Amino acid sequence: MTYQNVYINTIGCQMNVYDSDRIVQVLEPVGYRKTHNLEDADLVIVNTCAIRAKAEQKAFSFVGRLARMKRDNPELLIGVGGCVAQQEGDAILSRMPHVDLVFGTHAIARLPHILSRVKQDRVRVVDVAQSTAIDEIEGGGGFPVDSPISRFVTIMQGCDNYCTYCVVPYVRGPEMSRRPERIIAEIEALVQAGAREVTLLGQNVNSYGHKEGLPSFAELLAQVNEIQGLNRIRFTTSHPKDMSDDLMEAFGKLDKLCPHIHLPVQSGSDRILKRMNRKYTRQLYLERIERLRRIRPDIAVTSDFIVGFPGESPSDFEDTLTLVKAVAFDSIFAFMYSDRHIAAASRFSDKIGEDEKKLRLQQLLKTQESITLTKNRALVGSRQEILLEGSSHRPGLAEHASEGPQWTGRTPGNKIVNINTDRNRASREAFTVGQVVPVCIEKAYAHSLQGVLMQEELSNGGLKGNTCHAA
Ligand code: SAH
Ligand code: SF4
Ligand code: F3S
């Protein structure tokens, strides 16, 4: 079979990364193979994100640049998928005459059909139909494309929460959970193909299965924990209002569940949380963190913040800063509020100016930066088990190899570690991605750690513990 090449540009969250892999899977039987080289493409797909204005601009500017390629090669097909496609639909075709197909977040399984219409009937196609049955959205999961060691698996689609700033419920549709047996079978297939870690994805994984009467998320985790050959389980995102006791206790029970929780708080002010429709208070959030830390003292906690939400006063913002200090997060993502015309907050009055939003963002990030560094420094001298994900060893630099780190991986708490193997030169080549190795942390930076392999432990199987002797 002679293949044609599909190039995919993925913008947005992990769910889009997963969806892009699904796109490659569903296109394979109809004769497409993924290329990393835009110039080689017969089909270019842009998998878009609508979460903030900037993400949307990024998609349109990339699609805009493809116009020239299409002029040079009229046979080239251009498709726009994902959340902006779902939101804009037809409007994309009129705005961008060189686009051949627009497909929404529920249309991935229908892509072969859409493409055959584009090719055979020479028409431009828009498919943004949304389903109310999860089985209609299935298709194309379970087989690795790139990076086989650590994989994402979407366990539920959509969201019912309608936070007032957010487009997700509109562009991803109502919340729907996949059947546990499908999820388990998919993870088993991934493990067969070499995966050692999975991250279960949903906008609010804590409410997995509620609507459908399926097992709870904690029960699903327990099932995943039984899968032979899998080392690590992660999940994202959790909503503070739905964190069940069962789920918190899972951190004390399941040996494969990594001690890390991403629990977006968005703001430290009760008044703003209410206007955001988040349905929890600062107090409840703090209690949940305290409880999690009692159950699993080494748990890493990360979060998302929005600064400059409409009506956010200096004192509301101060509440966010005090919350950040009170929790002492391992790291955070912070965003300036961005108007989304579909979402309710775009119609709120008392918007905050761009300059003020920038100032608040800088102040928040600066506050967190020193906390992150302190947290990372506290790991110096500790023994960490690292899942090797890649090698940064470049053959051309062989003579300098003893100076730089050769392996990268993550701690159970999700911190990136560059591993220096120069003191274990002989064994350097003996490692493979997907292996879990003991590493002594020697240095801490703002965004990563550096460590050295604990060679003695590896060779004689002894020396286990939580600390090591840092050089
Ligand atoms: N489901 C997740 C978040 C998904 S969106 C949750 O409930 O937390 C990822 C992050 O983008 C959000 O946590 C929020 O911090 C940010 N975000 C969403 N809409 C935004 C907007 N209109 N402007 C700025 N940031 C936004
Ligand atoms: Fe958006 Fe809120 Fe749903 Fe998260 S929970 S996806 S922020 S509406
Ligand atoms: Fe963006 Fe859609 Fe994900 S809006 S954040 S790609 S769900």
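Two residues are in contact here when heavy atoms of one lie within 4.5 Å of the other. Keep that in mind as you explore this predicted model.

**First stop: Glu312.** Select Glu312, in the loop that runs between strand 13 (300-307) and helix 12 (314-327). Is Glu312 buried or exposed? With a relative accessibility of 2%, Glu312 counts as buried, because the cut-off for buried is under 20%. Now show what surrounds this residue: setting aside neighbours within four places in sequence, Glu312 has contacts with Ile272, Ile306, Val307, Phe317, Ile352 and Arg360.

**Second stop: ligand 2.** Next, select ligand 2 and display the residues around it: Cys159, Asn161, Tyr162, Cys163, Tyr165, Cys166, Val168, Pro169, Gln203, His239 and Arg278. If you colour this shell by residue type, you will find seven nonpolar residues, three polar and one charged. Cys163 is buried, with 9% relative accessibility.

How many disulfides does a search of the whole structure find? There is one, and you can see it by selecting Cys440 and Cys468, whose sulfur atoms are 2.1 Å apart. The torsion about this S-S bond is about 75 degrees, so the disulfide is right-handed. Cys440 sits in strand 18 (residues 436-444), while Cys468 belongs to the segment after helix 14 (455-460); the two are 28 residues apart, and the pair links distant parts of the chain. Both Cys440 and Cys468 are buried.

**Last stop: Cys49.** Finish by selecting Cys49, another cysteine to look at, which is buried at 10% relative accessible area.

Technical notes:
Residues are numbered from 1 along each chain as its sequence is written. Chains are lettered from A and ligands numbered from 1 in the order in which they are written. This is a predicted model: local features need pLDDT of at least 70, side-chain atom pairs count only at pLDDT 80 or more; totals for chains, interfaces and linings use all residues. Side-chain values use heavy atoms; hydrogens and water are left out. A residue is near a molecule or strand if one of its heavy atoms lies within 4 Å of it. Ala, Val, Leu, Ile, Met, Phe, Trp, Tyr, Cys and Pro count as nonpolar, Asp, Glu, Lys and Arg as charged, and the others, Gly among them, as polar. Helices (H or I, at least four residues) and strands (E, at least two) are DSSP runs, numbered from the N terminus. Buried means under 20% relative accessible area, exposed over 50%, partly exposed in between (1.4 Å probe, protein chains only). A disulfide is a pair of cysteine sulfur atoms within 2.5 Å.
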